[in-house]
Every structure is written in structure tokens, then in C-alpha cells.
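This report goes through one structure part by part. Keep the sequence and the 3D view at hand while reading.

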Amino acid sequence: MLLGESRVVPSLQKAVKASSADETLIAAQRGGRTTLRFSGGRIHQNFHEEEVSVWVKVACEGRMGVATTCALSPEALRRAIETAMTIARINAKQVGPAFGTAPPKDPTPKLTTYFPATVKKPLTETVQMIRRLWTQSAAIGVDLAGSFVAGEDELAVVGSRRLTQYQPFSAAGLRLVATQAKASGFAAQTVRNLETLDSQGLAERALEFCRKNKDPQPIPLGRYDVLLEPEAVAELLEWLSYIGFGAKQVVERTSFMAGHLGDRIMGRQISIVDDGADPQGLGVPFDYEGIPKQRVCLVEEGVAKEIVYDSHYAKLHRRHSTGHALPYDEFEGPLASNLFLAQGQTPYADLLKKMDRGLWICRFHYISGLLKTQEALMTGLTRDGTFLIKKGKVAGAVKNLRFTQSILEAFSQILAVSKERRLVADPGQGLSAAVVPALLIKNFTFTGQTK
Amino acid sequence: MISARTRNLIDETIRFLKRHGVDYADVRWVEQLHEEIVVQNLQLQHVSHSTSEGASIRVLSHGCWGYAASSRLDRLGLKHTAKQALEMAKAISLDSHTRVKLKPVEPSRARYQTSLEVDPFQVELQKKLDYLMWTSQVLKDHPNIKTATASLEFYRTNKLFSSTEGSLIEQEITESGGLLEATAILGSEVQRRSYPTANSPSLAQAGYEYVKTLDFVGQATRVRREAVALLRAKECPSSVTTVILMPDQLILQLHESCGHPVELDRALGMELSFAGGSFLTPDLLGSFRYGSKLVNITADATTSQGCGTFGYDDEGVPAQRVPIIREGVFVGYLSSRETAAQIKQLSSGAMRADGWDAVPIVRMTNVNLEPGTGTLKDLIRDTQRGILLSTNKSWSIDDRRLNFQFGTEIAWEIRNGRIGQVLKNPMYTGITPEFWRSCSAVAGKGEWQLFGVPNCAKGEPVQLMHVGHGASPARFEKVQVGRKTHAPR
């Protein structure tokens, strides 16, 4: 159960007030979630966790220190501040404030991110829902594996110069993998409000892909036009963000954006923004430093435009933070994690019809984007449904394939973008998502095949 | 040290659960400390000190699991958590037709502690920082080195495990390690070299003395030199050839293509919704030829200094040394009490959670390639044409762990039994059993190296486990290096 703003914020304010550091910033995230994992007609892992994470950042005479703890008690907070101050004493002096502790100049957008219904549903009802799905699939000889997650969190950030931010949020999700012999199909959905979860629709989708995926055949390796489902597009986009959209990667020049801001790096059909305040996504309106999340246009009609900052990298670049700071004990730099890929003009149902010959891919597995980050060269495999398309129709299932492909090149060869978009996210996390369309791409390179 | 108050509270919770007539229950209290120091380009970039403490309660009642975890460690908090676990087991059992069976284990009352010389948490922060500054200075000392990063990490985990069967196990595990990374840039060319592994620090279950053995300052010169050499190196050509993998790449090959597929929960389909299944299904146990006769792989939770070493796993099963691949034949699984019961075997003691707030699942311990004979020099000398690959850079494998592709930071040409020029951007690909069956040599004990991998991801929500891998350099024949060339369709 959430403690609420009236209990969390004062406990942090009290600790900040008692701190003898010049500046003190505390972020606290507290929540609980229930997870059920199932396969073979039984729930084999089920657990409920309640967790508190607290990150403390202090500045003492221009030196910074970071510490974390896992409790909101006055003693735990006092000890964390003391540890951070001990660390600050050995740190190098920095010029000017590295982080803000006063209320931000820009207003924090209002966003409804908490729905009590998400955590109120009795566990027995959820178990019955899963049982219903099993029974349906078992009747046609298909096994249904998957997971259900439902949880709630509250995030608060308090700074010594009266910065105060608080946001509760909920998230729930269902992932399903339908299997029959070597065939499999996948479907997943993540929602803020559990009442909007369409478990029946997901099961039907997973079963439909599994049915189509029977007796997969090998095909010659090479270049194929591909129709990527939103789940596959989202994974590519998340990797692009991880290796390229943050200021750290640009400073270190490992990003494909480094030295190319203002250049065309993708096709005109590709526009990518990060917007933590867009209610279609899964963001909260401020980051772990309490900075309101800005809408950042990363790629506009194929042109590299902007990158995201936290306070540290903003200072290095003489810019303002865009509200993309991670928890203070992370060293990855700022991260764009509320990604939106612009929708296109083509109805989803017409995408397949546009393919003369190609592959329809439901999702990817185990992508690595570290091959050549400057070119966004990535590898990965198809999973749970790869289909050969001939003259706009499914001609048969294909064995899982490995791609090795520059995603900058792929996103420069867009044939069509769907009108409809889907939210793809991890329900166990509840703070990040990609909202993406399906993409029809020309000449995607496949370099390997599974047995 | 675990306080008397904590012991009493856990004891009280076990009695409470017994009174509720559970089939079985355990309480696991965990306290974790983590310190991280990062120096980049002679500037202290990041220092943090993290603590986390909580307890998890696992209940088997009416034949079903209930599990709850919380950082509320007072009497009321633990009771609340215990009730949540009981309620969950009851809710699941109302609609369940199967009953969980556990393989029996002898109750233990024991204590395990990492053997160490210097407690890393007692070493002054300033001393650690000075060492990293010195390293960073050596690493950065070339105009083409754009980013020189040196870091140290230390972990301490205190655990108390108590079960209704009478086990009471206390463990204190200390890990130390670090990472060097040099990124060199010339025009649009960007290359990176790392040590001892890449992407994350290599850890050992040891004290600060391990940091000294890593010899960061001495290694920094080589790392810098190789990063700069890669800027002007030739692209690694695509071909089917002989490859020799150095231990810092071979450990990832072991991890992905052997460690994960022998996790019995995967093989039984329990990870299908997330990480996937395994091609090593139980019907293949004892007969499937996984590799050549030179391939012997062991899951050893007793390896000295291993990150997968412990006294007991997180359900009180003693640490074991289990053969996984014997002379190329698949002979064993990593398993838990529940999964082992499903194939009528004993648990291999591999049930672990990455913290108090995570449910224990089957994890790797130290999955090691046992040493063969000879030296790396012998392996190279006996190779007419081939490529020597070192330090993992990228990794990808399919959901049944068959089709893999790895990239490494650096490679060297081998010509007529000698090392030749440096090659950049190398990668290789294959099918797991075909690859291991092509193993033509494994170097001996003298070149066997152990690494600690702190970021093995598995489970929902994802848990990051510390595991260990040891290997000597090994040679493989007819391996596809680079991308397969194929005719246009």
C-alpha cells in the first residue's frame, strides 16, 4: 500500500533539513508488486515484494557524494546523508552547482499515472483468469506459458532549496507464449490501469501466431523486405536509445549521433521523440533529480536533432537538463526511456498486402547493439513467429533467423509505417516504454538461421 | 555480523509459520553493501555506497508456493510478510491441480565466510582513488585515447537462512574487482580495449588483495597500446577458419552456450515466457554428444575465489561440484530441489536470488571449462591459418541457445603457427553443439583463468546474478568468422 505524499515527502524534507551539506537531494521510490509466472498448466513462481529505494546526493564545498539506502526511517536517511558527505570529502572540487535543489523553473506537467484498480484485484480472480486462458488453449492442444505482473509505486524527490516532487504510479501486464511442438506465438500488453488489460485478446493473438507458425522451414540467407511488428520495432528503438541518444555516449563519441547532429541519418519517414509527459506512454513527469521531463525531438524526419541530458552532462555541455537523470548510483548517463516513433499513413491491415515477397517478424530475441555503435550495427534473432510472405499473403512459417544489420541503414529504407501504434513496456518497471508503429522495411540482412 | 535481534525475529517467524501448519517454509534475511568508484580521464567521475537489507519468506502450503519479501524488519513487518506468503499460497492452491514436490535435503547448521586477506571495506577510499588516478594517468597517455576509465567495485552480502526443516545457515560473501577501458578515436574510427573483461568489472570472491593481483597500472600500458593499434588495423575478414578463443572470450561462450542451456528450469519450460527454453532437454541427459572428447565442463560452487562460490544455496543445499559435460557428453544440470524432483535427481544446489527482494531461481554457479594440456603457444604453433580472438564485446544467442554470434574487441591473424597482424571488429557465429564438437585443443592448467561475471540476467522481474567462469585458451575448427557470404536471392 502506498504511504502517500503526506507521509513520504515530510520524512524526506525532515532529513534534508537536518543535513549539514551545502546541498542535499533525495529521491525515494517505494512500492510493491505481485508477479505470477506460469507454464505447463501451473503457476510455478508467485511472489509479492515490497521495496524502498532511497538515493542521496550531497554537495559540500563544491564536492559531490552519493549514497543509497533502503529505508525511509530518520536514522537510515541520516546515515545515508553522512555516508554521501564522507564520499564528498574525497571528491574533486567542481565549479558551479552540479545539481539543482530548488523548484524547477519550468512547471511539472500534470499526469495521471495511478489507478487503484491495478492493485485492488483479488489474487484469486487473477489466478482464475489465467486458468481460463489455459483451459481454452489446452482444448486445442496448445500450452500457454507467461507471466502476470501488477504493482504500484510512489516516487518522491526533495531538495534542500525547497524542491519537492511526488508522483504515484501503477503498472500491470500480461505476457503470453503459446507453444505447440516447435511452434510458438507471443502477445503482451502493459497498462497503467488493470481494468484495460485485454487478456482474452492477448491469448487469441498468441494462439493465432502459434497456429500460423507450424512446421517452420529454412530459407536461404540474404536480404529480405520485412514487416516488423511493434514489439520488434520497440526493441530496436530501445537499443538505439541505449547506445545513441544520451549525452554520455555523444561525449564519448561512441554514439551514431556524435558529430552528426543536423545530418540526415535515417529516412524521412522516421521521427523519434522522447516524452515522459505524454499520457500515451508510461512516464512520470519528472526524473530522479526532480527535473520536469522535456519533450526532446531526437530524430526529425530522419535528421539527428537533439540528445538527452541530466544535470551532470548538461553542465558539461552548458545546456539545461532535459529531465533524463537515472538514480544517482547509476553510471550510464542520461537515458531516453519514453520513446515515441511517429505513426505513418498506412493502415496496419494493409502493410502485408504491400509486400510482394518478404518476411513478417513478430518479435526479436537477444539483440546486441554493441557491434559497432557508431553505425548502430546490431545482431539478434527472430522469435515466436517468422513468416514468409508472397504476394501479400502468408506462404508459410520460417525457422528463426539471425539478422546483422545497421539500423541506421534499415531506418533509411522504410517502405511504409503503420497508422496504428502500440505501447511496448516491461510492466515490472512501470517508468519507461516505447510507443511504436509497425514498419515495412526494404532489404533487411539475415546472416544466420537456427536449427 | 548478524545481530541477535535479527536471529530472534527470524526464529520467531519460523515458529509462526510452523504454527500455521505449512508443508515447508524458509526465511532468508539478506544485507548487501556495494561500493563503486569510477575515475574517468583523471577525474573522479562517480563514487557511491549502497546498502540494502530485507527478508523474504517462502512458504509451501497446500502443495503450492507463496512468496513475499519486504524491507520491514521489525516483528510486525515480518509477520505481515509471512501472512502475505501464506495468503498467496492459499490463493494459488484454490485453483491448482498439481502439488509441488521437493527433493529432501539434510538440515544444516553452518557458517560460511569468504576467505580474504584485506577487507575491501576497511581500505581507505582515498587509497582506492589514488590507485585509480594512477591507472587512469597511464591509460590516458596517448593523444588518440579519448576516454580512459578505471573503476573498482566491492560487494558484501550477509545472509541468514532458516527453514522449518531445521536449517540455520549464516553466510558472509565478499567480492572485489574492477575494470579498465580505453576508447581510442581517429577520425571516424572508434575502438575500445578493456581489462580484465569488457562491459562490466571482473569480480572475485576475495578481499582487496585481488585488486593488487589485477595489476591495473601494469596492464594499462598494454590496454592503451592495443586500443591505439586497432585504429589502423585491418578489418577482420569473413571466412570459415580455425579460431583460438582466449579465456576472456571463452567465458562468455561457456556462459551463453553451456551455462544457460543446462539450467533445469529452462529445460523444463519454466522460462519460456521470457528468456526462452533449452535445446538440452531431459531426454538427452547422459547420451547427447555436446562437444568433442576434449570438452569437460563442470558447475563448481566450490571453486576458490569464484563469484558463483558459496557454502549453501538459497534453499539450504550444500555447494557442489557437478559434471555438466564429461568428455563431450551432456551429463548434468544446474537444478533446485523442486526441478531436480521432476527428473528424479538430487538438487545440484544452484537455487539463488540476487537479493532479499528476489525469488530464488536456478542460476549458474562457476561453470568452468576444465583445463586440457599444453600451452597457448602450442595451440598457435599447431595452427596453419586461423584467428586468435580476445575480450568479449557483444553477445547474442537464440531462445533455445543454439545459434550464437559473438563479437570481440580484438583479434590477431595466425599464419603458419605464428601470431600476425591485429584485426579489428571481429565476430564469429555458429551452432552450439557443432561448435563445441569442433574443439580440437584446450590448453592446460597453467593458463586457466577464472573470471567473475556480475550481470547474468534471468527471471521476471530480471535478476542480475554474480556467477563465475574459468577457462584456458581453446581451439575450434571450421568456424564462421564474420558474416556468411551468400548469393543475392
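Helices, of at least four residues, and strands, of at least two, are DSSP runs, numbered from the N terminus. The model described here is predicted.

## Two domains in chain B

Chain B is divided into domain 1, covering residues 4–232, and domain 2, covering residues 237–481. Taken over C-alpha atoms, the centres of domain 1 and domain 2 of chain B are separated by 21 Å. Domain 1 of chain B gives 44 residues to the contact, and domain 2 of chain B gives 35 residues. On the side of domain 1 of chain B that touches domain 2 of chain B, 21 residues are nonpolar, 15 are polar and eight are charged.

## Where the chains meet

In the contact between the chains, 66 residues of chain B meet 69 residues of chain A. On the chain B side, strand E2 (residues 43–61) supplies the largest share, with 11 residues. By class, the side of chain B that touches chain A holds 26 nonpolar, 29 polar and 11 charged residues.

Strand pairing also links the chains: strand E2 (residues 42–60) of chain A runs parallel to strand E3 (residues 64–70) of chain B, and three bridges join them. Glu49(A) has Ala69(B) as its bridge partner in E3(B).

## The nonpolar core

The largest nonpolar core contains 298 residues, and the residues with the most contacts inside it are Leu176(A) and Ala206(A). Strand E17 (residues 433–449) of chain A contributes the largest share of this core, 10 residues.

What does Leu176(A) touch, not counting residues up to four places away in sequence? Its contacts include Leu144(A), Gly146(A), Phe186(A) and Leu202(A). Ala206(A) is also among them.

## A sheet and a helix in chain B

Four strands of chain B form an open sheet in the order E13-E12-E11-E16, with antiparallel pairing. Strand E13 (329–330) and strand E16 (367–369) of chain B are the edge strands, and each pairs on one side only. Strand E12 (residues 321–326) of chain B is joined to E13(B) by two bridges, and these strands run antiparallel. Ile325(B) stands opposite Phe330(B) in E13(B).

## Backbone details in loops

Most peptide bonds are trans, and most residues other than glycine have a negative phi. The residues below depart from one or the other pattern.

Tyr195(B) and Pro196(B) are joined by a cis peptide bond, with omega about -5°. Pro196(B) sits in the loop between strand E7 (189–195) and strand E8 (202–204) of chain B. Another cis peptide bond joins Glu460(B) and Pro461(B), with omega about -10°. The loop that holds Pro461(B) is between strand E22 (449–458) and strand E23 (463–471) of chain B.

Glu301(A) is not a glycine, but has a positive phi of about 45°. Glu301(A) lies in the loop between strand E9 (296–300) and strand E10 (303–304) of chain A. Lys344(B) also has a positive phi, near 55°, and belongs to the loop between helix H8 (337–342) and strand E14 (351–352) of chain B.

Is Lys344(B) buried or exposed? Lys344(B) has 8 C-beta neighbours inside 10 Å, so Lys344(B) counts as exposed. Glu301(A) has 13 other C-beta atoms within 10 Å and is therefore partly exposed.

Methods
Residues are numbered from 1 along each chain as its sequence is written. Chains are lettered from A and ligands numbered from 1 in the order in which they are written. This is a predicted model: local features need pLDDT of at least 70, side-chain atom pairs count only at pLDDT 80 or more; totals for chains, interfaces and linings use all residues. Domain bounds come from an automatic or database domain assignment. Two residues are in contact if their C-beta atoms, placed from the backbone, lie within 7 Å. Ala, Val, Leu, Ile, Met, Phe, Trp, Tyr, Cys and Pro count as nonpolar, Asp, Glu, Lys and Arg as charged, and the others, Gly among them, as polar. A residue is buried if 20 or more other C-beta atoms lie within 10 Å of its own, exposed if 12 or fewer, and partly exposed in between; C-beta atoms are placed from the backbone. Two strands pair if DSSP finds at least two bridges between them. A nonpolar core is a set of buried Ala, Val, Leu, Ile, Met, Phe, Trp, Tyr and Cys residues joined through C-beta atoms within 7 Å.
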